[in-house]
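Here are a few notes to read alongside the model. Could you keep the structure open while you go through them?

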Amino acid sequence: MSSDLIYLDYAATTPLNEQVAERMRIVQGSAYFNPASNHAAGRLANAVVERAALQLGELLNVSPASFLWTSGATESNNLAITGAAKQRQHRGQHLVTMRTEHKAVVDVFRALERTGFEVTWLNPDSDGRLPIERFRNALRDDTQLASIMQVNNETGALQDIAAIGSVCRERDVLLHVDGAQAAGKIAVDLAALPVDLYSLTAHKFYGPKGIGALYVSKGVSIEPLMFGGGQQRRLRPGTLPVDLIAGLGEAAAVASGCVEEDLKRLSLLKEQLMSGLMDVAGLTINGPEEGGYPGILNVGIEDIEGESLLLALEPLCVATGSACNSQSQEPSYVLRSLGRSDRQAQSAIRFSFGRLTRSDEITAAIALYRAAVEKLRILAPEPAG
Amino acid sequence: MSADPYNSAVRDCFWGTLHSGEVAGGISAYFEDQGMRIRLSAGVADGTIAELRFLAWGCPHVIAATETFCRQFEGRPVAELGQFKTDQIMRNLAVPVEKTGRILVLEDTVRSLRAAISDRLAT
């Protein structure tokens, strides 16, 4: 990365941890074999996979046998939601999710709607949180599956998965949780949480890109999306990428030892960032002011044009409230669901930081943001009338 | 990797807004559309645009296009304003076609400025 850049986009991806990289290099050199092969080399590769499962199981406090390896959270979400909804069609055609879910969940539900499923789309409160009564009231006798993300990728809002899961258990509704922004970043105990399916991806917690996992609780059945081999109980066939899996496992092991420390550091950085920005006139926080994931702060400022703000912030690397589509410049549907106006959503900037973020980078980010807002305000003519 | 949406000309004009502000006592014109707002103000002497300043609220291409216009027309005869079209600026700044409407706000503002100058000179 260019030394000029200030990277505050950890919610998009995180740097590869050095210990993880080293583990992957070792595996690439010495255990590159096919773990499905029935010979000594294959068994060596299989042992690498089993070690990674053990490491991930320790991070999430569940059996290592409960994971399916996937290409990442998008695939995990697809497999969990589509696989479960189809498997449980006899139970009903009604599904529940939130409007603020990641596209990798939203678009799966939209696809299911096109095939005859009925979806209830829940809005959160203005701080991004879903009141448990709203969730409870959305469930019907024919509801078979709900999917709620644990940490929102745009706002950092944390959902009460324990309460949501308890309601699901009472009503015999399967619960899938998109944990892409949570696993390896906050303490997650899947043995204690009433969760049936849990999606995660390695690159959000300092592991490699291209590898994720789906936790499938004991007794839960899903249908496969792909066919063509006997790997992973035929639920997700294909030769396993041993080095990537080893990397995910090592990232999980590293996270197991430093989640609490990370959270403490991130809380201090978020506090520093908030106190440096809060007196900027017109600034609003998109998401919870307290109690959210401390690695994300999303702020909006109505009278500033978002695209110009992003350019004026260079060399700061942050995310905007616009969809990932420079042609549409659509305001974020997540922020719109929180009740923000198009203009508020369009001006939103998401700062997300992580294990390698330094306090002086936050100081620089504050200065850049304040200067950018001032520049664009000076440049703006008064609106007519 | 996502392509850089801004070429060097956009970056130069966005960061180097040499003509931002207003001409004190100058002739001004304002136009807003497509969520964009542009104000141009000009100081005119002997049929020439002696000074040209702008304020703009919009995306980087709109700001860069307005700065480019000011750079090009400051010191030029007022009459040349009538020939202004955004085509050349759009090419120089490699403005995406979907932003054409936004850049045309500049053309409308220039037209308003020209009319305002004509009105002032007639009185």
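The points below cover a helix pair, a strand and some backbone details.

1. First, the ground rules. This is a predicted model, in which local features need pLDDT of at least 70 and side-chain atom pairs count only at pLDDT 80 or more, while totals for chains, interfaces and linings use all residues. Residues are numbered from 1 along each chain as its sequence is written, and chains are lettered from A and ligands numbered from 1 in the order in which they are written.

2. Start with helix H7 (residues 242-277) and helix H11 (residues 359-379) of chain A, which pack at an angle of about 20° with their axes 10 Å apart. That angle makes H7(A) roughly parallel to H11(A) (angles under 35 degrees count as roughly parallel). Axes here are lines fitted to C-alpha atoms, for helices over the stretch in contact, and angles run from 0 to 180 degrees between N-to-C directions. Helices (H or I, at least four residues) and strands (E, at least two) are DSSP runs, numbered from the N terminus.

3. Who touches whom? On the H7(A) side, look for A:Leu269, A:Gln272, A:Leu273, A:Gly276 and A:Leu277; H11(A) brings A:Ser359, A:Ile362, A:Ala365, A:Ile366 and A:Tyr369. Contact means that C-beta atoms, placed from the backbone, lie within 7 Å.

4. Next is strand S3 (residues 94-98) of chain A: 5 of its 5 residues are buried, so S3(A) is largely enclosed by the rest of the structure. A residue is buried if 20 or more other C-beta atoms lie within 10 Å of its own, exposed if 12 or fewer, and partly exposed in between, with C-beta atoms placed from the backbone. A:His94, A:Val96 and A:Met98 point one way, and A:Leu95 and A:Thr97 the other. In a regular strand the side chains alternate between the two faces of the sheet.

5. S3(A) pairs with strand S4 (residues 118-122) of chain A in the parallel sense, over 5 bridges (pairing takes at least two DSSP bridges). A:Met98 has A:Leu122 of S4(A) as its bridge partner.

6. Most residues other than glycine have a negative phi, and most peptide bonds are trans. A:Glu314 and A:Pro315, however, are joined by a cis peptide bond, with omega about 15°. A:Pro315 sits in the loop between helix H8 (306-312) and strand S11 (316-317) of chain A.

7. Buried or exposed: which is A:Tyr206? With 29 C-beta neighbours inside 10 Å, A:Tyr206 counts as buried, and its phi is positive, near 70°. A:Gln232 also has a positive phi, of about 50°, but is partly exposed, with 17 other C-beta atoms within 10 Å.

Note on methods. Angles under 35 degrees count as roughly parallel, over 145 as roughly antiparallel, 65 to 115 as roughly perpendicular and the rest as oblique. Two residues are in contact if their C-beta atoms, placed from the backbone, lie within 7 Å.
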